[in-house]
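Reader: Please take one part of this model and go through it closely. I would also like to see how it sits among the rest.

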Amino acid sequence: MTAQPSPPVPRPTSPERISDPAPRAEDGPDQAAEPASGDTATSARRGWFGDPPRGPLLLGLGASLLMAIGAFGAGGVLVRDPLLTNSPVGFWRYGHGHELATALIYLGVALLGWAWVRLGRDVLAGRVGGRAVLSTAVVWLTPMLAAPPLFTRDVFSYLAQGALPLAGFDPYDVGPEVMPSILSDNVHYFWQDTPAPYGPLFILLAKGMAAAIGDHIILGVVGMRLLMLPGLVLLVWALPELTRRLGGRVPVALWIAVANPVMIIHMVGGGHNDLLVMGLLATGALAALRGRHITGIVLVTAAMAVKASAGIALPFLVLVWAKHLSGSRPMRILKAGAAGVGVFVAVFGVITLAAQVGFGWLPALSAPSMIVNWLSLPTGVGELAHALVNIVFNVPKQPFINVARIIGAAALVYIAARQWWAARDGGPDAIRRAGIVLFAVAVLSPATLPWYVSWGMALLAMAAWSPRALTWLVFGSLWLVIVYYPNGEAALYNWSYLAVCAALCALAAYSLHHPDPLRLGNRSAAATAPVATAPVADRGAPQRSG
C-alpha cells in the first residue's frame, strides 16, 4: 500500500525528545501519530531505536528463535553435548526429534526471508530510516549469539587451530587431528588434517580464546562469536559516512549488509571470521577516504592478517592515497605505493611476531581449493564440461576442473587489473571498484563458500543499487543461505532440493517490488504498492530516523 503522511506532530518542549518534529511523507499508515502531549520517554525510545515496523521485527525475531531452538538438534551440534546428551531433551538430536529440529530451522529461514523482504519494501518506500533497520537487525541476530553453529562447523576448526600452538604445534604445519581433545573431536572430518589457512592475527585471537575456555567448548562457540562481533560494530560505525561517499542510501545499505539473512544466519549464526574482515575493510576504506591513509592501510592489513583475500583492497587504497599527493600520476602512484608497502610490512611483521608464528600460512592458503563444488564458477564450469564430455568418453573429472580454474584465475587477474586501472584517479570510485574485485575473488576462486561474498559486500552495499540489482540481491542472499544443510554439509548436488529452494528464492525476490506476487490478497492494494523505478541512491530526502 502507498505511504500516507502522518498527522502533524507538534515540536516538544522537552529536550529528551529525539523523534522528528514534523510530518514526513515517508511515514506510512502503519506508523501511528504521537499525541501532542505524549510520554516523552516513549518518544525518546522511538527516536533512539527508529520506531522499527513491528510486523517484520516480530516475524524475524520469531524466525531467529525457531532457528536457535532447532540448531540444538540439527545445527552444527557437538559430537557429545555435555548439556543435551543423556538428558531428558536428548531426543532433540536424534530420530524424529532431529527431523523436527530440522523443520524448525527451515521454517525459521523462510520466515526470516519473508521478514527481510517486508522490511526491504518499507526501506525502499522511505517508510523507515537507518535506525529502524539497525534496531530490527539487532533484534533478529540476538538469538543467534547463544545458538549452536548454523549451516557450518567452522567455529570448531577455529578453536582447534587456536589450541594447536598452545599444545606446541604449528597450526600452519599440522591439522587438528594431531591433538586429540574435545576441540579437535568436533572439527569436520574434511579439515582434520588440514593446516590453518588463516592469517596470524586470527591465529592470535583463536589462541587467546582457546586458552580462555580450556575444554569448555560451548563457551568457546559463544566466545568466538563475541570475538567476531566487533567486526559488525566496525561495519555499522563506518557504514553511514561510507554510504554517503559512495552514493548510496544509509537505510538501504543497512538492509543489504546488516539485516541480510546471510549476516544473521551465516556471519553471526555461523560465527565466521569473515565478519571481522568486513568491519576492518569498511573502516579501512573510510579512513582512506578521510585522508588518514596510514590508518586505512593498517586496518586493511589487519583484515588481511585474518584472511588473505582482504589484501586485494590494498592496491586500491594506494590509488586513494596517490590522489592527495603532488606530481605526475605515475610518480604519485609510485610514492603512495612505496609508502603503503612500508606500512604493510611493518604492521604485518608486528602481528606475526605477536602471534609467534611464521609464514607457513602462505602455502596453507591452498587448503580451500580441496573443496570441489560448483558454487565456485570455474569449478562449476569444469564439472559441466566433464559431464558433457563424459556422455561420450569415460574420462577423469579433475583435469577439467584444473583447466577451468586456471582460466578462472586468468579472468580474475584481468578483472583486477582492469578495475585497478579504471580506479587510477582514486576517490570513492576506487573503493567501489575494490568491492567489485573482492566479489570477483569470491566467485572466481577455486573454491567458493557462501560467506565469501561478504568481502565484496563490505564495500558494495554502500553504493547505489538499481531495483533489478536488488531483486537479484534478494535471490542470491536467500540462495546462499540454503545451499548448505543446517549441519554444515553441502547440499549443492541435491537437485530436487535446490530446484524447490530456487523457486522459493525467486518468488521472494520478485515480491520485493511486487507485494502479493501470487495474487492471494487484494489486487488493488498490490497494484498501488510503491515500487522503486530508479537506482536506489542518495536522493537527499530526509529519513524518519537514522
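Author: A patch consists of residues with over 30% relative accessible area and no salt bridge, with like charges joined within 9 Å and nonpolar side chains (Val, Leu, Ile, Met, Phe, Trp, Tyr) within 5 Å. A salt bridge is a side-chain nitrogen of Lys or Arg within 4 Å of a carboxyl oxygen of Asp or Glu. The model is predicted, so local features need pLDDT of at least 70 and side-chain atom pairs pLDDT 80 or more, while totals for chains, interfaces and linings use all residues. Residues are numbered from 1 along each chain as its sequence is written, and side-chain values use heavy atoms, without hydrogens or water.

On the surface, Leu384, Leu388, Val389, Ile391, Val392 and Phe393 make up a nonpolar patch. Together they have about 630 Å² of accessible area (Shrake-Rupley method, 1.4 Å probe, with only the protein chains shown as cover for residues). One of them, leucine 388, lies in helix 16, which covers residues 377-389 (helices are DSSP runs of H or I with at least four residues, strands runs of E with at least two, numbered from the N terminus). Leucine 388 counts as exposed because its relative accessibility is 54% (exposed is over 50%, buried under 20%, partly exposed in between, with a 1.4 Å probe and protein chains only).

The part to look at closely is helix 11. Helix 11 runs over residues 274-289. Its 16 residues reach 23 Å from the first C-alpha to the last, close to the expected 22 Å (1.5 Å times one less than the number of residues). Aspartate 274, in helix 11, counts as buried because its relative accessibility is 0%. Aspartate 274 is in contact (heavy atoms within 4.5 Å) with Met267, Lys307, Trp451, Tyr452, Ser454 and Trp455, if neighbours within four places in sequence are left aside. Just after helix 11, glycine 291 takes a positive phi of about 90 degrees.

Next comes the nonpolar core (buried Ala, Val, Leu, Ile, Met, Phe, Trp, Tyr and Cys joined through side-chain atoms within 4.5 Å). The largest one has 161 residues, and those with the most contacts inside it are Leu235, Leu242, Trp255, Ile256, Leu281 and Val474. Beyond four places in sequence, leucine 235 is in contact with Ala257, Val258, Met263, Met278, Gly279, Ala282, Ala458 and Met462.

Elsewhere, alanine 160 lies in helix 5, residues 154-166. Alanine 160 is buried because its relative accessible area is 0%. Residues up to four places away not counted, alanine 160 touches Pro176, Met179, Leu183, Ser184 and Val187. Its C-alpha is 8.9 Å from that of aspartate 185, which is 25 residues apart along the chain.

Two loop residues have a positive phi without being glycine. Asparagine 86 has a phi of about 65 degrees and sits between helix 2 (54-74) and helix 3 (95-124); asparagine 86 is exposed because its relative accessibility is 73%. For aspartate 516, phi is near 55 degrees, and its loop joins helix 21 (495-511) to helix 22 (523-527). At 22% relative accessibility, aspartate 516 counts as partly exposed.

Of the contacts with a separation of 6 or more, 73% join residues 24 or more positions apart. The accessible surface comes to about 23,100 Å², and 68% of that surface belongs to carbon and sulfur atoms.
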